[in-house]
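Please look over the structure below.

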Amino acid sequence: MGKNTVLDEILETSIQVSANVSNTMLVVGAREYDRFCITNKTSERPMIISFEQLVHKALDAAATWVYEPAQNKITLSKLHGNEVISTQLPKQLVETTEVSLLKALEQFKLLPADENSKYCLIIDASLLFESITNPAGDEFQLLRVLDDHARNAGPHSFIVLRVAKASLLPQSLTANPYIRNIYMGSASQDTRFAYASIRCKRLAEKINTTIPLLSASIARSSDDWSLAAIDRLIEVALSAPEVKTLTDIDEMANIHRLGVTHSPWLGQQLRDQVKKAEAIMSERVKGQPHAISAVTSVLKKACTGLAGAHEGSKSRLPKAALMLAGPTGVGKTELAKTLAELIFGDPKTMIRFDMAEFRHDHSVSRLIGAPPGYVGFEAGGQLTESVKKKPACVILFDEVEKAHPRIWDIFLSILSDGRLTNGSGEVSDFSQCIIIFTSNLGIYSSQIDANGKELRTASFDMNTPYANINLKVRQAIKDEFVSIGRPEILGRLGGERSDNIIVFDYLRNVEAVVRKFTTNICVVTKQMHNVELKISDRLNSAIVQSTTEDQLLMGGRGVASNVDKLLTNPLAQYLFDLDDTPPGSVLACFSAGKTTFTPQ
């Protein structure tokens, strides 16, 4: 513990100071049922006490009762020494009596409080009022009794109302000048560190680290947490076999904060997947070794906990933010799908937004939701709601250059803070996500013909070296961000030379692409028709040779049109014409300018 460390004494001091000017206090904050950590004057080890103990200690009370409106029960929570109390309220420690709050207050008023015998009544106030705008009946009478106590009771008889939000109480109570409002803030990082130091010995032994290092990691990962939540984190981490390192503790804290049951970024399974990533991606995405190598490097950084490390240890940036640029149909979207399946186990965890649909100013509300009072407010935003449902996912913003410039404000918030506030003020967390932008910037140039129609032509041909494409595409991306007044977005991606900007090449190995497509067709044919389809080398060669340079400029989509023409369409006709008993195996061949199928 540092010499200047301040724990929960701040709340204790606030109560003591307030007691000098008011006998009625309203303590507001989400820790109303939490435990508290205060300095121990007789030991270096801090004391852990309840809210009731802290109030009892701060007021130097002889006795403290707690009233629970939900059960209409009052309990003697704390008693100083062998204090003998003459009252109809509970007189024995932890004794409970069922009584209405008005009657309890009536009895509390009769207590003979003085300098040597101070009494305190703590009331759980969250459920006191059914109507905060128009209290009536007993609720109105309660307001009068509390106001009377605040104005006329002696300085040694204290009422403390505890509530999570002041908005749960009538304004006549919260704005009463005789009632002292005390804000109970979140546990400070020092408090969280001190508490974790007391609680985490077994966990430190489990992951083979020191208590100070583990406590510091927990304290950094638990902003705005209660101390009870830290206890739950430690208990879950102790029982989770996949938790083996400090990085795993950070991920476990993310799980806890997001309210999910599992993090794909936790444990050895992720490392095992990333070790296979390059091979898996190479099977799915052909002819892009530079892109696959760059993405693999980014994944290794994410699974070691170093994503966003330059922002500090408390960073909650997305696990990765990539811009995949290059020609159409070369595997950018396929790579995003592969990442979703590789890391999150399901290609459906990829959430795709076609940014051509977000060209207009009002499109912002589609992503984050309309403000209160506007049409569609209840529905929420497509982006923010999707991330709430799937906190761990790949988010693909396709052809991002087509989005309205205001959309980039949203992207900047995600890339800078890892979070986004929707139209109703709720925050969505992107710290478990992979963010991917795709773009065709620099690949095509546009011209307007005599009729005013836009014509798009390729800026390169198949003879252009990849190095030239890479250089010019990166420059085009830089120019675009500067022209729309968003150079900071480029900065968040690491600049135009960053490894986070990945430029794809044209499909130069056409045969590999053709074989991938024909293999997929064989798999589908077996699944759908129980026919084992075999493709002859001659048919593969025919598809490759029929692919023109213009089609190659369209990437895999251009190649796919020839696969359809020479294989898929004839195959569909063949299967359609079969009788009820299809052959077990069929060989697809190419001869005399057409495709034939021979049962084997």
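Is Cys433 buried or exposed? With a relative accessibility of 0%, Cys433 counts as buried (buried is under 20% relative accessible area, exposed over 50% and partly exposed in between, using a 1.4 Å probe and protein chains only).

## Basis of the model

This is a predicted model, in which local features need pLDDT of at least 70 and side-chain atom pairs count only at pLDDT 80 or more, while totals for chains, interfaces and linings use all residues. Residues are numbered from 1 along each chain as its sequence is written, and side-chain values use heavy atoms, with hydrogens and water left out.

## Cysteines

The whole structure was searched for disulfides (pairs of cysteine sulfur atoms within 2.5 Å), and zero were found. For Cys433, the closest cysteine sulfur is that of Cys393 at 3.8 Å, which is too far for a bond.

Cys589 is in no disulfide either; the nearest cysteine sulfur belongs to Cys522 and is 12 Å away. Cys589 is partly exposed, with 22% relative accessible area.

## The sheet β19-β20-β21

Strands (E, at least two residues) and helices (H or I, at least four) are DSSP runs, numbered from the N terminus. Strands pair if DSSP finds at least two bridges between them. Here three strands form an open, mixed sheet in the order β19-β20-β21. β19 (532–535) and β21 (594–599) are at the edges with a single partner strand each, so one side of each has no neighbour in the sheet.

β19 and β20 (residues 585–591) run parallel and are joined by four bridges. Glu532 has Ser585 in β20 as its bridge partner.
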